[in-house]
Amino acid sequence: MKEIRLKDKVFELYISSEEINKALDRMAEDIRRDLGDQNPLFVCIMNGSFMFASELMQRLNDGYEVAFARYSSYSGTSSTFELKEVMPVTQSLEGRTVVILEDLIDTGFTMMNVKRRFYELGAKQVVIAAMLCKPDAKKCDVETDYIGLNIANEFIVGHGLDYDDLGRMYNDIYKIKE
């Protein structure tokens, strides 16, 4: 599809599923090479990261442990810069290498605070793997260790990303059409 409509907005094709798959293949190789022998705990940040996390874990194809957590800092198309812990991670992080799996990093606010929280919970090392990163939108000092694709500062949907909970199920990624 070249365009989709969600509520009051029209979106146009931005990143194909083929491009996403190539990025995921590369990320899995890099993570396996760097962390494979450390028995990392992968923490999928819900809801947006569910597709990315599932596809990455399939590529890693190993006996790693995965956990889930949910944080919110968005309303509509913009960040509120207020982090809410909706569903905390339930596994112990004590002494573990933790890989945070995030769909998109833009301001960096959520990841900066989640990373800090995981260290408070006893993690030995916390790294971030993001499907997408918006370098021009970054406002917080947080390092992303594994990035699928760097993208422009566009509002996007698809492949797990949503607009008011709509549009997550598309294989491709779409940007808002001005």
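Predicted model: local features only at pLDDT ≥ 70, side-chain atom pairs only at ≥ 80, totals over all residues.
A salt bridge is a side-chain nitrogen of Lys or Arg within 4 Å of a carboxyl oxygen of Asp or Glu.

**Entry 1: a first salt bridge, and the model it sits in**

I began with Lys7 and Asp164, whose side chains meet in a salt bridge with an N to O distance of 3.2 Å. This pair links distant parts of the chain, since Lys7 is in the loop between β1 (3-6) and β2 (9-15), whereas Asp164 is in the loop between β9 (156-157) and β10 (173-176), 157 residues away. I noted that Asp164 is partly exposed, with a relative accessible area of 34%.

I looked up its confidence and found a mean pLDDT of 92 for the protein chain, with 95% of its residues at 70 or more. By element, confidence is lowest in strand β5 (residues 78-87), where the mean is 74, and highest in β7, where it is 98.

**Entry 2: other charged pairs**

How many salt bridges does the structure hold? I found 12. As background, side chains of opposite charge can pair when their charged atoms come close.

I then turned to Asp25, which forms a salt bridge with Arg59, their closest N and O atoms being 2.6 Å apart. Asp25 lies in helix α1 and Arg59 in helix α2, so this pair ties together parts that are 34 residues apart in sequence.

The next pair I looked up was Arg168 with Asp165, a salt bridge in which the closest N and O atoms are 3.4 Å apart.

**Entry 3: helix α1**

I followed helix α1 through residues 17-35, and its 19 residues reach 26 Å from the first C-alpha to the last, close to the 27 Å expected at 1.5 Å a residue. Its buried residues are Ser17, Ile20, Ala23, Leu24, Met27, Ala28, Asp30, Ile31 and Leu35. I kept a general point beside this list: an α-helix has 3.6 residues a turn, so residues three or four places apart point the same way.

In α2, I listed Met51, Phe52, Ala53, Glu55, Leu56, Met57 and Leu60 as buried. The helix is followed by Asn61, whose phi is positive, near 50°.

For helix α3 (residues 109-120), I compared the span with the expectation: at 1.5 Å a residue its 12 residues should span 16 Å, and the end C-alpha atoms are 17 Å apart, which agrees. The buried residues here are Phe109, Thr110, Met111, Asn113, Val114, Lys115 and Phe118. Just after α3 comes Gly122, with a positive phi of about 100°.

**Entry 4: the nonpolar cores**

The largest nonpolar core has 27 residues, and those with the most contacts inside it are Leu56, Leu101 and Leu132. At least two residues of this core come from each of α1, β3 (41-46), α2 (50-60), β6 (97-105) and β7 (125-133). Which of these gives the most? I found that α1 does, with six residues.

I took Leu101 as my example and, leaving aside its neighbours within four places in sequence, found contacts that include Phe42, Val43, Ile45, Phe52, Leu56 and Ala129. A second, separate core has 20 residues, among them Tyr71, Val89, Met111 and Ala130.

**Entry 5: cysteines**

I searched for disulfides and found zero in the structure. Cys133 is in no disulfide, and the nearest cysteine sulfur, that of Cys140, is 12 Å away, whereas a disulfide needs the two sulfur atoms within 2.5 Å. I also checked how accessible these cysteines are: Cys133 is buried, with a relative accessible area of 7%, and Cys140 is buried, at 13%.

Conventions:
Residues numbered from 1 in each chain as written. Heavy atoms only, no water. Helix = DSSP H or I, 4+ residues; strand = E, 2+ residues; numbered from the N terminus. Expected span 1.5 Å × (residues − 1). Buried < 20%, exposed > 50% of the residue type's maximum accessible area, 1.4 Å probe, protein only. Core = buried A, V, L, I, M, F, W, Y, C linked by side-chain atoms within 4.5 Å. Contact = heavy atoms within 4.5 Å. pLDDT = per-residue confidence, 0-100.
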